Amino acid sequence: MSEKLISVSSLKKTKNINNIKSRKKKSENNSSSFSENKGKPDNNRVFTVNTEIRSSLLTSEEIDFLDSYLKEYNHVKFKYTSLLQKGRILPDYKVSDIKNLCDENNKLPYRIFNAGMMQSVNSQVKSQLSNKKNYLENTLDDIKDCLKKLEKSRNYIKLFFSHASLYRNNPKNQSSLHKAKRNIASYTRRLDKLNTKKEKLEKEINNNTAKFCYGSAYLLRQRNQIHKNDKIKIVSWRKEWNLQRYGQMLFTGSTDELLGNSNAHIYLNENNQFILRITAPTGMKHIYSFNHVEVPVKISYYKKELREHIHYHSFIKPKEKALSKGKNKAKENQEKKTSSLSVRLMKNAKGNYSVALGLNTSVNLKPEVITDNKNGVLGIDINPDHLDIAETDSKGNYIKGWSVTLDLKDKSSAQRKTIICQAVADISDYAVKTKKDVIIENLDFSKKKKQLKDNYNKYYARMLSAFAYSKIKESFTTNCWRKGINLKEVNPAYTSFIGKIKYAKYSGYNLNGSNHTSAAFVIARRGMQCKEIIPKNISIVKNKTEIKDNQQESELTVGYVSLGKMIYVHGRSNFTMLNKLSKQITDKKIRFRILDKGLLKETFKSNELRSVIEDGSPIPITLFIPFLINDQV
C-alpha cells in the first residue's frame, strides 16, 4: 500500500546495457539506415479495438488460470519495483538476471517481463518526471505572481502612512489598509507553501525519483477514512483495491512472432469468427489441463485491418521468409512491412474481462491520395468554440467560407470527442467531394493556458481550458489519412491581422466581414505558397447621416489611412499599453481614430482619454486595434 520511489537513472542504464546486443542485431538486419529513412514518411498506423470476454464463456479452470496469471504478473511487477527502490538491481545486470531476481518461479515468459512489464514501469516513470518539470515551471510562475502581489500590498501600506491624517482616518481607506494587511498574511503563507513545493520538486527531479501507488492513491486515502471495526466497508474496499492492483496485464507483441504475438493473439476460425487465444506460460502449464485459452470475441470496428493482419502473418510473411532464404533476396532499400498485436487484459468489477487490442501495422493500409492543391484547398482556422473554413480555387482566389460550431462548454471528454470528430468528418467529406487539400494551422496553446488565471475574461478562460486542440489536430490527421486527403500545417503568425486588413472589410472579397473566415482564407493561401503583400493604405467607408427638412439623408464617404502611421495593439489583454501612452496622448493633443468603435467603451476606462480620442485634435494619427485574441503572433 505504500508509495514507491524508483530511480530512473538505474532504469535507463539497465535498459541501455541490456539492449546493446539486440540493437546490434536489429541494425544488421535493417534494410535501410536512419539517414536513408529520415525523409520517408512513417506509414505505420496504430488501431485500438476494445472488446470484452464474458465469464460465462469460460470454464471455472480457465477463470482460475486468468486470475492466477494476472496475480503472478502484478506480483513480479511489485517485486521489480521494490528491488529498484532498495538498489538491489545494478546497472550492469542483464534482463535475464533481473527476471531471475523478480520471477523466482519462472512463471512469466521472457517477452512479457521485458517488453510488457519493465517497459510499462519505465514509461510511467518518464511520464511522471516530465510532468514534474511542468509542475515546477507552474510553481515558479505562481511564486513570481505571489511576490508581485505581496510587493503591491506592501507598497500600498507605505503609501497609506505617507498621507496626511485626514486621509488615514477615512473609513474606506482604513478598510483598504486592513485588506492589504490580510493579503500580506495570506500571500506570505502561500509563498511558504510554494517554496516548499518547489524545493520538493527540484529534489525529486535532481534525484530522478518518481512515486507509485499500485491500486491508486485515491483508494489508499479512502482506506484511512474507514473505521477498523467496520468489516463490511473494509471487505468492499479490499475487493476494489485488489481489482485495481491485480486487475490488468500487458502482452506486448512483435512482428517476428506468431500472428504478431506468441503469448496472446487473434485468429479466424472455420466460421470466420474472431478467436482470442491466450497461451499458458511454461511455468504454469503443469497446473492446468490445457496449453492455451481460446474464447470468441466480438469485434465491432477495424475488422478489415485485423483480417489483413491475420492474412499477412498466415500467408504473405511465410512466402517472404522463403524468398529471403533463396537467391532472390529483397532489395536493401525496400521498405519492410510490419504488423504486431499487443493485448491488454483487464478484469472489471462484474467479473468479466475487458480486452484492448493494439494493432500496429503497415500492411495494405496506405490509401490512395485523391486530392490535389491544383483543384484548390480548404483553409481551416481553429478556434476554441468553432472552426472557420475558407475554400479557394486553383489560383488561390476566394470561393466561399462557412463556420462549424463546436459547443464544448460543460461537456464530458467523450461528448467533446464526438462533437469534434463529427465536425472534422463533415469537413473531410467535403474535401473528398471537391478533391481539395486541407490546410490547418500549427498552434501551441500551452503558453495561453498558463495565462488563464490572469485573463480578465472568465468566459474566454473557461472556453480555452476546454479547448481540445490536440484532439482536433488528431482528428484531422486520422480522417485525412484514412480518406486519402493531403493535410498540410502552416505557421499561423499574423493570419488574423492580414485577413482583417486585406480581406475582411477593405477589399472586394465577400467574406461577410468575418475576421476568422478571412484568417482561414490567409491560411489557405499560405498553404498554396501565395505571398501576401500588405497594402500601404486601407480604405475606411463612413456613413454620414443628416436631417434636412425633417428627412434623414445619408452620404457615403471613402477615406484612405496610411498603415505606416498606425500604432498596432495586438489582443484585448494588451490595452494596458494605452494607459501608459495616455499622458503622452493628452499632452500632445494627438488625434486618434479607432476602426473598431464597438471596443471603445470596454477598452478605455479613463474618461479624459476617451474624450480626447472622441473629440480629436489637429494632428491626424490613427490607432488601429485588430481583434486578435486567438492569433499566434
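This is a predicted model: local features need pLDDT of at least 70, side-chain atom pairs count only at pLDDT 80 or more; totals for chains, interfaces and linings use all residues.
The model contains 15 salt bridges. One of them joins arginine 111 to glutamate 257, with the closest N and O atoms 2.9 Å apart. Arginine 111 belongs to helix H6 (residues 110-162), whereas glutamate 257 sits in the loop between strand S4 (248-251) and strand S5 (264-268), so the bridge ties together parts that are 146 residues apart in sequence. Arginine 111 has a relative accessible area of 28% and is therefore partly exposed. For glutamate 257 the value is 15%, which means that this residue is buried.

The side chains of aspartate 145 and lysine 149 meet at 3.4 Å, N to O. Aspartate 145 is partly exposed, because its relative accessible area is 22%, and lysine 149, at 38% relative accessibility, is likewise partly exposed.

A further salt bridge is formed by the side chains of glutamate 391 and lysine 436, at 2.6 Å from N to O. This pair links distant parts of the chain, 45 residues apart: glutamate 391 is in strand S11 (residues 386-392), and lysine 436 is in the loop between helix H12 (413-434) and strand S13 (437-441). Both glutamate 391 and lysine 436 are buried. Elsewhere, salt bridges connect Lys132, Glu204 and Lys211 in a network.

Aromatic pairs number 16 in the structure. In one of these, phenylalanine 65 and tyrosine 69 are tilted, with 5.5 Å from centre to centre and 45 degrees between the planes. The two residues, phenylalanine 65 and tyrosine 69, are both part of helix H4 (residues 60-86), where they are four residues apart, about one turn of the helix. Phenylalanine 65 and tyrosine 69 are both buried. The pair of phenylalanine 212 and tyrosine 214 is stacked, because the ring planes stand at 20 degrees, under the limit of 30 degrees; the ring centres are 5.7 Å apart. Phenylalanine 212 and tyrosine 214 are buried as well. Ring pairs also link Phe65 and Tyr69 with Phe251, Tyr288 and Phe290 into a cluster.

On the surface, a patch of positive charge is made up of Arg54, Lys298, Lys303, Arg307 and Lys350. Of these residues, lysine 298 is placed in the loop between strand S7 (292-296) and helix H11 (303-325). Lysine 298 has a relative accessible area of 66% and therefore counts as exposed.

Backbone angles were also examined. Most residues other than glycine have a negative phi. Serine 216, although not a glycine, has a positive phi of about 80 degrees. Serine 216 is found in the loop between strand S3 (209-212) and helix H9 (217-224). Its relative accessibility is 27%, so serine 216 is partly exposed. Glutamine 529 also has a positive phi, near 60 degrees. The loop that holds glutamine 529 runs between helix H17 (515-527) and strand S15 (537-548). With a relative accessible area of 67%, glutamine 529 is exposed.

Conventions. Residues are numbered from 1 along each chain as its sequence is written. Side-chain values use heavy atoms; hydrogens and water are left out. Patches are made of residues with over 30% relative accessible area and no salt bridge: like charges are joined within 9 Å, nonpolar side chains (Val, Leu, Ile, Met, Phe, Trp, Tyr) within 5 Å. Accessible areas come from the Shrake-Rupley method with a 1.4 Å probe; for residues, only the protein chains shown count as cover. A salt bridge is a side-chain nitrogen of Lys or Arg within 4 Å of a carboxyl oxygen of Asp or Glu. Lys and Arg count as positive and Asp and Glu as negative; His and the chain ends are not counted. The place of a charge is taken as NZ of Lys, CZ of Arg, CG of Asp or CD of Glu. Buried means under 20% relative accessible area, exposed over 50%, partly exposed in between (1.4 Å probe, protein chains only). Rings of Phe, Tyr and Trp (its six-membered ring) pair if their centres lie within 6.5 Å; planes under 30 degrees apart count as stacked, over 60 as edge-to-face and the rest as tilted.
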